[in-house]
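Look at the sequence and the 3D structure below.

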Amino acid sequence: MDFKLTEEHIMIRDAARDFAKTELLPGVIERDEKQEFPKELVKKMGDLGFLGMMASPEYGGGGMDTISYILVMEELSKIDASASVMVSVNNSLVCWGLDTYGSEEQKKKYLSKLTTGEKLGAFCLSEPEAGSDATSQRTTAIDKGDHYVLNGTKNWITNGSSADYYLVIAQTDREKKHKGINAFIVEKGVEGFEIGPKEQKMGIRGSDTHSLNFNDVKVPKENRIGEDGFGFKFAMKTLSGGRIGIAAQALGIASGAYELALDYSKQRKAFGTEICNHQAIAFKLADMYTSIEASRHMVMRAAWDKDQGQNYDLTGAMAKVYASRTAMDVTTEAVQVHGGNGYVKEYHVERLMRDAKITQIYEGTSEIQKIVISRGILRD
């Protein structure tokens with residue numbers, strides 16, 4: 001494998017890096033404090049093509065590869081993980097799912113607006129009693145002939161109040177277990193669809209996270225994705241790609257914290273010299289850099305597998321579990337390198353440490369990734 005970036009990859013990476021520094025960085029601390037959703041910045045990311053990168057050009061997408069996508073995710077996440085998770089959900093879970101499994105009518109009606117940022121998407125799988133165990137869906141979708149009636153609650157939904165289109169996973173036939181699950185496109189504003197209060201979160205506070213309630217919501221039959229009973233497979237296939245995006249987010253959070261720690265260590269003096277000259281700090285930096293480079297290769301491998309049409313369940317799970325652990329380790333050490341300043345908001349690393357934790361939880365906890373990995377190696 002040759003992971004040397006093409007000129008197009010470098011151009012895309014640099015565009016994301018420039019956007020992160022010039023647009024995301026100003027105001028990132030204030031958005032975190034106020035839990036403010038950056039609507040104007042989301043529109044700008046749509047204009048730059050960051051919201052539909054891998055979707056087909058005929059539906060407004062960029063037609064780019066997964067490598068391009070993870071490069072953008074890393075650069076945005078160095079500065080603002082709240083912004084990058086919006087990009088991740090819209091690309092990996094919503095646009096990719098519709099582009100790969102949606103009908104022609106669904107692509108024309110919904111996908112073409114999601115790829116450009118005109119509309120924003122959300123992916124609704126988790127419930128109060130169905131997080132890691134996605135087969136235990138309690139949200140129901142009762143077949144009424146020409147439409148379904150949805151009832152239930154979804155939790156921890158990214159873009160919860162800001163999305164326009166929601167991909168909702170629900171149980172149609174409980175006796176069939178996971179084969180009785182379907183996926184539906186639900187539009188904001190339909191009768192019976194209510195958005196709950198915003199979650200008060202430790203990290204990614206600029207991300208718009210809500211619970212959603214469905215009370216006798218009518219969904220047209222044509223809004224079901226795939227054949228009857230395809231919903232669970234749709235969710236699992238979509239999440240496998242989403243894990244690569246979150247792995248790239250974790251990589252970016254770690255990289256951002258490392259770069260801040262490195263710069264600070266070259267400026268801060270103690271005992272007559274810059275602290276980077278002290279072995280205690282130099283070794284921390286060495287460990288941080290090594291873990292980040294190992295994570296980068298794992299994320300690139302998973303993305304490469306996906307682009308080559310190979311099975312990426314195993315490499316994606318490994319990338320996510322390792323990169324998310326690296327994010328936690330590196331951000332914690334970055335705070336330590338900064339000393340007392342690391343505990344202060346203006347130095348950014350405390351926010352990155354808070355943001356890092358969620359990468360071990362959403363789109364499949366680290367424990368779930370280890371189940372995927374262990375099954376993969378035992379099956380071989």
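**Cysteines and aromatic rings**

Cysteine 124 has a relative accessible area of 0%, so this residue is buried. The model is a predicted one, and a search of the whole structure turns up zero disulfides. For cysteine 124, the nearest cysteine sulfur belongs to cysteine 95 and is 14 Å away. A disulfide needs two cysteine sulfur atoms within 2.5 Å, and cysteine 124 is in no disulfide. Cysteine 276 has a relative accessibility of 23% and therefore counts as partly exposed.

The aromatic rings come next. The structure holds 12 aromatic pairs. One of them joins tryptophan 96 and tyrosine 101: the ring centres are 5.9 Å apart and the planes stand at 80°, which makes the pair edge-to-face. Tryptophan 96 is buried, at a relative accessible area of 15%, whereas tyrosine 101 is partly exposed, at 25%.

Tyrosine 101 also pairs with phenylalanine 234, with ring centres 5.9 Å apart and planes at 75°. An angle over 60 degrees counts as edge-to-face, so this pair is edge-to-face.

Which helices does the pair of tyrosine 101 and phenylalanine 234 tie together? Tyrosine 101 lies in helix H5, residues 81-101, and phenylalanine 234 lies in helix H7, residues 231-267. The pair therefore links parts that are 133 residues apart in sequence. Phenylalanine 234 is buried, with 0% relative accessibility.

These rings belong to one aromatic cluster, formed by Trp96, Tyr101, Phe123, Phe230 and Phe234.

Terms used
Residues are numbered from 1 along each chain as its sequence is written. This is a predicted model: local features need pLDDT of at least 70, side-chain atom pairs count only at pLDDT 80 or more; totals for chains, interfaces and linings use all residues. Side-chain values use heavy atoms; hydrogens and water are left out. Buried means under 20% relative accessible area, exposed over 50%, partly exposed in between (1.4 Å probe, protein chains only). Rings of Phe, Tyr and Trp (its six-membered ring) pair if their centres lie within 6.5 Å; planes under 30 degrees apart count as stacked, over 60 as edge-to-face and the rest as tilted. Helices (H or I, at least four residues) and strands (E, at least two) are DSSP runs, numbered from the N terminus.
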